[in-house]
Amino acid sequence: MAELAGLVQRLEVAVSRLETMSGPGGPGGDSAGGVVSEYVEAFDEIVKGAVARYLSISQKIGGDVQKHAEMVMQVFSSQRQLLVTASSSQKPSDAVITTLLQPMSKVLHQVQAFRETNRTSPLFNHLSAVSESVPALGWVAMAPKPCPYVKEMQDAATFYTNRVLKEYKDKDMTHVDWVKAYIAIWTELQNYIKKYHTTGLTWSKSGPVASATAAAPAPAGGCCPPPPPPGPPPPPMDLSGPSDGGSADSGPSRNALFASLNKGADITKGLKHVSDNEKTHKNPGLRGQGAIVRTGPKPAASSSPKPAASPAPAKTLPPVLELEGKKWKVENQEGAQNLVINDTELKQVVYAFKCNKSTLQVKGKINSITVDNCKKMGLVFDDVVGVVEIINCKDVKIQVMGKVPIISINKTDGCHIYLSKDSLNCEIVSAKSSEMNILIVKEDGDYTEFAVPEQFKTVWDGTKLVTTASEITG
């Protein structure tokens, strides 16, 4: 029986090797000898098609958009390596999968950080569209529904891609083509996932179990080899006899100790009674009669506890109020209540960033105003021909003195908008925001406050979804 079991085991190993060498047999086929599985080839088609078009158009635009696109290509390259590993290896433990995902996660973080460090870029909307949606490449960790996750990330970019289309549709069609090419990436990726990875990343059913070393980049030539693994732990201590470093009578001493412990309650009979006149807490005079002789081990030297290091103060950037090209930059203002922008032109825009407890007044007619990452900010303006955008803000107040066609509120908590008589036709577009109130001026000059709905009800009418503001109040 033992010989038969050994023969069966050898046959199984041989079959496994043949399957590995025969190439892919389906969506989860192994990769060996330069042959990749069917779903890796399908992923390569996306990279050669939609992703390549996106990179090509980004290179035409140049600047920050090109740099961003090259970083996105690195994410796709890291994901391909993961797919190759999955196609030739069995699914490992969650801890190993986390390690395999680290190279891709690192590049994803760099893509998103690039947007944050280039907020003043003239192509900020392009960077934001990519930064908001590129986490869709994390679908490999989104079982059992990776496809809806990609769709959700694609929708997150819509806010910014629409802004790109609105800004360039009549000026430069290259940017319009850029939007189409970028959106096509996520559309094709969803179709790819539906076909090959419906419930999550598909791993091979044969071959070795994937190891964490697959995620590590190949070492450069000439590098020193990794250090050898640590040696085995020392053997357990033998308690059956005296140790080499112990005294000759350690055995009898140990026996005497266990004999004393076995006395139970009688062990306290050998203790000396201390009378009240020998107790230092009842006789303060005994405390100054010399140091106490310690028979035990020497205690560690006491030292006064070091105070915890205080965190480094946040870096304070200098306030900015200047005209750069056609953009008025208002940044890092703290407690400035009399900020005024005069001598404006129709082609100019205003960008307020990281202002706190400040008030800005914009006179004249300009193209657009953006208030980004501000707290307790007040904005008063005359006329805007484009859009006023409030993004990532808290507790801001906006007052319209003239006209404005659209006010957009996104990721903001606390926004009060005071509309003039000439701006009552203004459209208020909000997303992921709360505590929004619109104040309408009355005939006597006073204002009536109306809350913007935050809770909605969606029903199926038989042909489509119908969403209305919910009348339920908390």
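**Exercise 1. State the strand order of the open sheet formed by seven strands, and the kind of pairing.**

Solution. Read the order across the sheet: β3-β5-β7-β9-β11-β13-β14. The pairing is mixed. Strands here are DSSP runs of E with at least two residues, numbered from the N terminus (helices are H or I runs of at least four). Two strands pair if DSSP finds at least two bridges between them. Next, take the edges: β3 (339-341) and β14 (447-451) each have a single partner strand, so one side of each lacks a neighbour in the sheet.

The model is predicted: local features need pLDDT of at least 70, side-chain atom pairs count only at pLDDT 80 or more, and totals for chains, interfaces and linings use all residues. Residues are numbered from 1 along each chain as its sequence is written, and side-chain values use heavy atoms, without hydrogens and water.

**Exercise 2. Find how β7 and β9 are joined.**

Solution. Locate β7 at residues 378-384 and β9 at residues 394-400. The two run parallel, and four bridges join them.

**Exercise 3. Describe the lining of the largest pocket.**

Solution. Of the 32 lining residues, Asn125, Glu167, Asn367, Ser368 and Glu389 are the closest to it. Now list the elements that each supply at least two residues: α5 (124-133), α6 (146-168), β4 (349-353), β6 (368-372), β8 (387-391) and β10 (406-410). The top contributor is α6, which gives six residues.

Note on methods:
1 Å grid on protein atoms, 1.4 Å probe; cavity = no way out; pocket = protein on both sides within 12 Å on 5 of 7 lines; lining within 4 Å.
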